[in-house]
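Morning, everyone. Let me put the model on the screen, and then we go through it piece by piece.

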Amino acid sequence: MLRLLLTFLVTLAVADLLQAHQESPTCGTPNPLLTIRPDICVASDAVPTENKSSSNGAGSPMKAWKSGGLCRGVRADKYCVFSNPSFNGGEGISVITTGKSINTIATRPAFRVENEPVAKFHSKSTAPYREVEIEGKDVGLVATRAIQAGELIMARTPAIMVNEKAIQALGKKVVSELLIRAVENLPSQHRESVLNLSTHSTPNDYGDKLYRILQTNSFRTGYHDGNNPFYSLFTEVSRLNHDCRPTCAYYFDHTDFRQKVLAVRDILAGEELTIAYYDPLQPRSVRQEKLQKEWGFQCSCKRCSADASSIAESDERINRIRALLKELDDHSAASVASPEKAELLVSLYEEEGILGRINEAYYRAAIEYIGVGDIANATKYATLCVDHGLRFIGPDRPFIKSMQELIANPTRHPKWKFRLRDS
């Protein structure tokens with residue numbers, strides 16, 4: 001039930017403008033996918049470092065990849081299906097992109113033969129969750145045992161990856177043709193898992209079904225070839241339902257090509273595993289409207305189904321958080337920010353249950369304390385920010401580097417005593 005494809009509305013609008021220039025006609029624009037802020041514990045858009053070596057001792061990096069024999073587009077912008085059936089212990093992966101792009105992707109550490117398998121993670125038989133039918137939500141995942149905060153729940157590689165520019169250049173009909181071939185080239189078990197994912201609405205035909213599966217379940221996972229963002233489809237991760245105060249956070253790890261899902265708090269056996277599809281720092285009315293419009297359901301999580309008084313209190317905390325973020329991000333001489341307001345921000349994140357993003361509050365607190373020369377409290381919150389960021393957001397974030405620099409040399413940090421300069 002996921003639609004976390006950043007800027008997909010713009011992508012498809014551009015596709016409409018370009019369709020007239022393609023070799024084959026395409027049909028109309030599908031429903032837009034959700035536009036969501038990139039800092040909500042979603043996969044990083046950072047560009048992974050390219051492996052400059054074209055050989056790993058086992059021949060060409062393209063040796064394990066097979067062309068699907070189907071390409072669409074014109075001249076240098078031909079998008080083809082490339083498949084690696086041996087990837088991740090035989091689960092396989094199919095990628096829709098250009099020849100130049102796949103040659104870069106094939107050099108990533110996760111695809112080097114000596115790194116297969118990259119690491120050992122829960123298999124389906126040992127995973128701490130199971131699929132169940134959940135009333136009003138179709139299929140979801142529930143914990144089969146107690147799960148501790150910070151525990152890695154799953155780490156899954158993609159079944160399908162699609163270059164965003166393919167959608168821009170080709171449109172729905174042609175992308176659907178490529179998806180048919182991409183899914184056919186997957187090993188049978190992974191293929192069946194893809195076909196069992198939700199389409200959100202009744203498809204018109206097989207190609208439409210695959211496009212709707214991509215539309216409903218994909219995550220935007222970053223610039224895997226160094227130039228283009230990709231949409232990636234994960235089978236088990238896509239079973240996670242929405243909650244405005246979710247039990248889990250996730251990010252895409254470029255080093256091993258896995259979407260990693262972690263518990264943001266202690267989870268009881270039998271409790272549902274959830275993530276946030278939409279920005280939780282919005283009032284209930286905005287969340288409800290967006291979820292209904294983009295996913296076709298009315299959220300019934302505890303925050304949204306509470307009594308009127310509790311909803312009003314929650315909305316007030318959200319509004320206060322948003323106001324504090326604006327105040328704390330004002331680094332001008334006229335700013336009214338203070339360490340006390342940063343401490344309040346931390347407490348509001350905790351009280352409101354925005355646990356997957358609490359690094360945002362820790363970061364502001366560290367900056368406010370270093371801004372007044374309080375090294376002890378600055379390093380305290382910087383350490384909390386780094387620990388949370390590395391665990392729940394991923395290692396390739398600029399704020400983590402900034403906080404690590406603060407910890408290493410507080411007085412040399414660019415924000416050292418900046419609140420006192422104009423006082």
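Where is K417 found? K417 sits in the segment after α12 (398-408). Helices here are DSSP runs of H or I with at least four residues, strands are runs of E with at least two, and both are numbered from the N terminus.

Some ground rules. This is a predicted model, so local features need pLDDT of at least 70, side-chain atom pairs count only at pLDDT 80 or more, and totals for chains, interfaces and linings use all residues. Residues are numbered from 1 along each chain as its sequence is written, and side-chain values use heavy atoms, with hydrogens and water left out.

Back to K417. Its phi is near 55°, a positive value in a residue other than glycine. K417 is partly exposed, at a relative accessible area of 36%. The cut-offs: buried is under 20% relative accessible area, exposed is over 50%, partly exposed is in between, with a 1.4 Å probe and protein chains only.

Next, F257. Phi of F257 is also near 55°, positive in a residue other than glycine. F257 lies in the loop between β11 (248-253) and β12 (258-263). Buried or exposed? F257 counts as buried, at 0% relative accessibility.

H413 is in the segment after α12 too. H413 counts as buried, with 7% relative accessibility. What does H413 touch, leaving out residues up to four places away in sequence? I367, I370, S402, E405 and L406. Contact means heavy atoms within 4.5 Å. With S402 there is a polar contact, side chain to side chain, at 3.2 Å. A polar contact is a pair of N or O atoms within 3.5 Å; within protein, one must be able to donate a hydrogen and the other to accept it, and residues adjacent in sequence count only if both atoms are side-chain atoms.

Now the helix pairs. Axes are lines fitted to C-alpha atoms, for helices over the stretch in contact, and angles run from 0 to 180 degrees between N-to-C directions.

Take helix α9 (residues 339-352) and helix α10 (residues 359-371). Their axes come within 8 Å and cross at roughly 170°. That makes α9 roughly antiparallel to α10. Angles under 35 degrees count as roughly parallel, over 145 as roughly antiparallel, 65 to 115 as roughly perpendicular, and the rest as oblique. Among the residues making the contact are L345 and V346 of α9, with A361 and R364 of α10. By class, this contact has nine nonpolar, no polar and five charged residues. Ala, Val, Leu, Ile, Met, Phe, Trp, Tyr, Cys and Pro count as nonpolar, Asp, Glu, Lys and Arg as charged, and the others, Gly among them, as polar.

The contact includes Y363 and A366 of α10, plus Y381 and H388 of α11. How many residues of each class? 12 nonpolar, three polar and no charged.

Last stop, E177, in helix α4 (residues 164-184). E177 is partly exposed, with a relative accessible area of 27%. Beyond its neighbours within four places in sequence, E177 is in contact with L70 and R72. Its side chain makes a polar contact with the side chain of R72, at 3.1 Å. E177 and C71 are 106 residues apart in sequence, yet 9.6 Å apart in space, C-alpha to C-alpha.
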